[in-house]
Amino acid sequence: MLGAILMSIGAGCYVFMFYQGLAAVVFLIGAICFGGVQMMERYDTSNLTIRRLRSIQIVADCLFILSGLLMIDSHYLILKPLFGNYSDYIQYLFNKWVITLLVAAILEIYTTHRLSSEMKKNEQNTEG
């Protein structure tokens, strides 16, 4: 829960240009906490759908962490020297954290809702 709160605060402060450097770091710390906890969760089941959804959720967690790294790069321009000129950097990497964050959020919402319904189905099948 703390990781999700830190991610929300970090993204909000970064978007509204409030201590962007600190906000990017707060977002990354929250993403690592949130993703780390989700990656450590175990679902002891042979249900293929649940295992597939867990894999998608792990991809979303990795995208959250990548978003944090790209957010830090967008503020501090760490990877700029790897590009031939500034316009290539702007075109390919600068502020692309928004895209990875959007994809991660959509995947996370999808897997969260599907996992809860699949777990209920799985419980009903084992009880009955």
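My entries below cover helices, loops, aromatic rings and cysteines.

**Ground rules**

I am working with a predicted model, where local features need pLDDT of at least 70 and side-chain atom pairs count only at pLDDT 80 or more, while totals for chains, interfaces and linings use all residues. Residues are numbered from 1 along each chain as its sequence is written, and side-chain values use heavy atoms, with hydrogens and water left out.

**Entry 1: how the helices pack**

I reminded myself that two packed helices are described by the angle between their axes and the distance between the axes. Helices here are DSSP runs (H or I, at least four residues), numbered from the N terminus. The axes are lines fitted to C-alpha atoms over the stretch in contact, and the angles run from 0 to 180 degrees between N-to-C directions.

I began with α1 (residues 2-15) and α3 (residues 48-76), whose axes are 12 Å apart at an angle of about 30°. That angle makes α1 roughly parallel to α3 (the word is used under 35 degrees; over 145 is roughly antiparallel, 65 to 115 roughly perpendicular and the rest oblique). On the α1 side, I found M7, A11 and Y14 making the contact, and on the α3 side F64, M71, S74 and H75 (contact means heavy atoms within 4.5 Å). The crossing of α1 past α3 is left-handed, a word used if the near helix is turned anticlockwise from the far one by less than a right angle, with right-handed used if clockwise.

Next I looked up α1 with α2. Their axes are 7 Å apart and the angle is about 155°, so α1 is roughly antiparallel to α2. This crossing is left-handed. The residues in contact include G3, A4 and L6 of α1 and Q20, A23 and A24 of α2. M7, A11 and Y14 are among the α1 residues in this contact, and M7, A11 and Y14 also belong to the contact with α3.

Then came α2 with α3, at about 165° with axes 9 Å apart. That makes α2 roughly antiparallel to α3, and α2 passes α3 in a left-handed crossing.

Which residues other than glycine have a positive phi? I noted M17, with phi near 55°, and L77, also with phi near 55°. M17 lies in the loop between α1 and α2 (20-40), and L77 lies in the loop between α3 and α4 (86-92).

M17 is exposed, at 66% relative accessible area, while L77 is partly exposed at 28%. (Buried means under 20% relative accessible area, exposed over 50%, and partly exposed in between, with a 1.4 Å probe and protein chains only.)

I also checked L93, in the loop between α4 and α5 (97-127). Is L93 buried or exposed? It counts as buried, at 15% relative accessibility. Leaving out residues up to four places away in sequence, L93 touches L70, D73, L79 and F83. L93 and D73 are 20 residues apart along the chain, and their C-alpha atoms are separated by 8.7 Å.

**Entry 2: aromatic rings**

Rings of Phe, Tyr and Trp (its six-membered ring) pair if their centres lie within 6.5 Å; planes under 30 degrees apart count as stacked, over 60 as edge-to-face and the rest as tilted. By this rule I have 6 aromatic pairs. F18 and Y19 have ring centres 4.7 Å apart and planes at 80°, so this pair is edge-to-face. F18 is partly exposed at 49%, whereas Y19 is exposed at 59%.

Y89 and F94 make a tilted pair, with 6.1 Å from centre to centre and 55° between the planes. Y89 is buried at 0%, and F94 is partly exposed at 24%. Together with F83 and Y86, Y89 and F94 form one aromatic cluster.

**Entry 3: cysteines**

A disulfide is a covalent bond between the sulfur atoms of two cysteines. The test used here is a pair of cysteine sulfur atoms within 2.5 Å.

How many disulfides does the structure hold? I wrote down 0. C13 is partly exposed at 22%, and C62 is partly exposed at 42%.

Methods:
Helices (H or I, at least four residues) and strands (E, at least two) are DSSP runs, numbered from the N terminus.
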